[in-house]
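Here are my notes on the model you sent over. I hope they are handy while you look through it.

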Amino acid sequence: MPNVLITGGKGQLGLELAQRFAEKVVVETTTSIDVDEVDVTNRDQVDELFRFLRPDIVVHAAAMTQVDACEENAETAFKVNALGTRWVYEASRSIGAHMCYVSTDYIFDGQADTAYTEWDTPNPASVYGKSKLAGERELGKDALIVRTSWVVGRFGHNMVKTILKLADSPGDLRFVNDQVGSPTVAGDLADKIVQLTLEKRIGVYNVTNSGQTSWYELARFVLQSAGHDPERVKAISSSELPSERKAPRPNYSVLAPTALRLSDAGVLPHWQDSIRDLVQYLTIQKGQSG
Ligand SMILES: NC(=O)c1ccc[n+]([C@@H]2O[C@H](COP(=O)([O-])OP(=O)(O)OC[C@H]3O[C@@H](n4cnc5c(N)ncnc54)[C@H](OP(=O)(O)O)[C@@H]3O)[C@@H](O)[C@H]2O)c1
């Protein structure tokens with residue numbers, strides 16, 4: 001039975017992955033690490049950890065994920081997202097572990113009007129997207145790449161939590177209607193990563209919740225699911241957003257789950273079903289804590 005190691009273990013996906021792997025009877029042990037234990041940019045630390053733990057499966061979810069901070073600190077973004085991935089891949093290879101890298105819709109420029117498949121040519125516009133694509137290119141053909149988008153969930157900071165917080169204050173909420181993508185609930189994504197890694201799959205898989213929406217429509221749906229008036233959400237265009245948002249966002253970044261579909265690996269539920277469940281969970285949790 002495999003031993004599993006998760007990087008980025010305190011992130012919103014890492015926390016879900018740790019629970020999902022730990023629940024599997026076919027998994028021997030699950031270990032999570034984050035930057036306070038092992039910094040993936042430190043080659044020696046990564047190598048030492050891997051030789052000590054000798055995992056069979058590695059899910060590399062650690063990344064510098066704040067897209068505007070990446071724009072301002074390109075060297076750090078590449079150090080973490082590209083070079084850090086090099087060290088994790090190198091260490092995985094040295095002990096024969098199967099590695100999964102979590103990548104992003106930001107590797108595309110967002111100029112398309114139909115969903116990107118796994119075989120479309122990337123063309124990132126932001127430093128974050130460029131550094132994550134550089135991470136993909138650090139990997140050999142024996143690695144698994146899971147590309148995802150608009151991740152939200154029970155843990156950490158994310159847009160659904162932000163929308164719910166804004167809904168509790170008076171006034172309108174303003175969200176863009178000219179950026180379209182697929183929200184992905186971290187629990188659904190984690191389940192699919194567990195499946196794909198246990199099946200020892202390699203190559204690129206797009207893994208997002210099914211369907212597509214704009215941030216405006218998502219905000220309306222979240223308000224409605226939480227029992228608020230969705231009419232409080234007003235549509236704006238990206239050009240009306242504050243100028244401190246340095247990183248360009250793709251206008252259209254829907255990822256088609258073509259590899260999952262054509263290999264009968266199962267696609268994720270529609271985003272509305274998963275977001276409704278998430279909103280319900282967060283609402284109950286808030287009621288219990290306050
Ligand atoms: N969130 C999204 O919408 C989204 C979309 C597409 C793809 N992804 C990808 O999915 C993966 C998981 O994302 P997430 O939303 O779970 O991100 P997250 O919540 O930001 O988690 C990433 C974790 O990695 C840690 N980390 C940062 N630098 C590190 C380093 N040098 N060494 C070790 N750990 C480090 C972070 O620690 P600190 O918080 O202390 O920095 C954080 O705990 C990432 O690879 C991301 O690129 C995310």
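1. Ground rules. This is a predicted model, in which local features need pLDDT of at least 70 and side-chain atom pairs count only at pLDDT 80 or more, while totals for chains, interfaces and linings use all residues. Residues are numbered from 1 along each chain as its sequence is written, and side-chain values use heavy atoms, with hydrogens and water left out.

2. The ligand shell. Which residues come nearest to the ligand? They are Asp 34, Asp 39, Thr 65, Tyr 128 and Lys 132, out of 25 residues around the ligand; a residue is near when one of its heavy atoms lies within 4 Å of the molecule.

3. A ligand nitrogen is 3.0 Å from a polar backbone atom of Val 40. Ligand oxygen atoms are found 3.4 Å from a polar backbone atom of Ala 63 and 2.9 Å from one of Val 151.

4. Ligand burial and the elements involved. On its own the ligand exposes 890 Å², and the protein buries 79% of that; the areas come from the Shrake-Rupley method with a 1.4 Å probe, and for residues only the protein chains shown count as cover. Helix H1 (12-22), S4 and H5 each give two or more residues to the shell, and S4 gives the most, with 3 residues. Helices (H or I, at least four residues) and strands (E, at least two) are DSSP runs numbered from the N terminus.

5. Aromatic pairs. How many aromatic pairs does a search of the whole structure find? There are 4, where rings of Phe, Tyr and Trp (its six-membered ring) pair if their centres lie within 6.5 Å, and planes under 30 degrees apart count as stacked, over 60 as edge-to-face and the rest as tilted. Tyr 106 lies in the loop between strand S4 (98-104) and helix H5 (127-137), and Tyr 128 lies in helix H5, so the pair ties together parts that are 22 residues apart in sequence. Tyr 106 is buried at 14% relative accessibility, and Tyr 128 is buried at 10%; buried means under 20% relative accessible area, exposed over 50%, and partly exposed in between (1.4 Å probe, protein chains only).

6. A second aromatic pair. Phe 221 and Trp 271 are also edge-to-face, at 5.2 Å centre to centre with 70° between the planes. Phe 221 belongs to helix H8 (residues 215-225) and Trp 271 to helix H10 (residues 271-289), so this pair links distant parts of the chain, 50 residues apart. Phe 221 is buried at 10% relative accessibility, and Trp 271 is buried at 3%.

7. A charge over a ring. The charged end of Arg 154 sits over the ring of Tyr 281, 5.5 Å from the ring centre. The criterion is NZ of Lys or CZ of Arg within 6 Å of the ring centre and within 35 degrees of the ring normal.

8. Backbone angles to check. Most residues other than glycine have a negative phi. Arg 54 has a positive phi of about 45°; this residue is in the loop between helix H2 (43-53) and strand S3 (57-60) and is partly exposed, at 44%. Lys 200 has a positive phi of about 55°, sits in the loop between helix H7 (186-198) and strand S10 (203-206), and is exposed at 64%.

9. A buried asparagine. Asn 158 lies in the loop between strand S6 (151-152) and helix H6 (159-167) and is buried at 6% relative accessibility. A polar atom of the Asn 158 side chain lies 2.9 Å from the backbone oxygen of Gly 153.

Note on methods: Polar contact = N/O pair within 3.5 Å; in protein donor to acceptor, adjacent residues only side chain to side chain.
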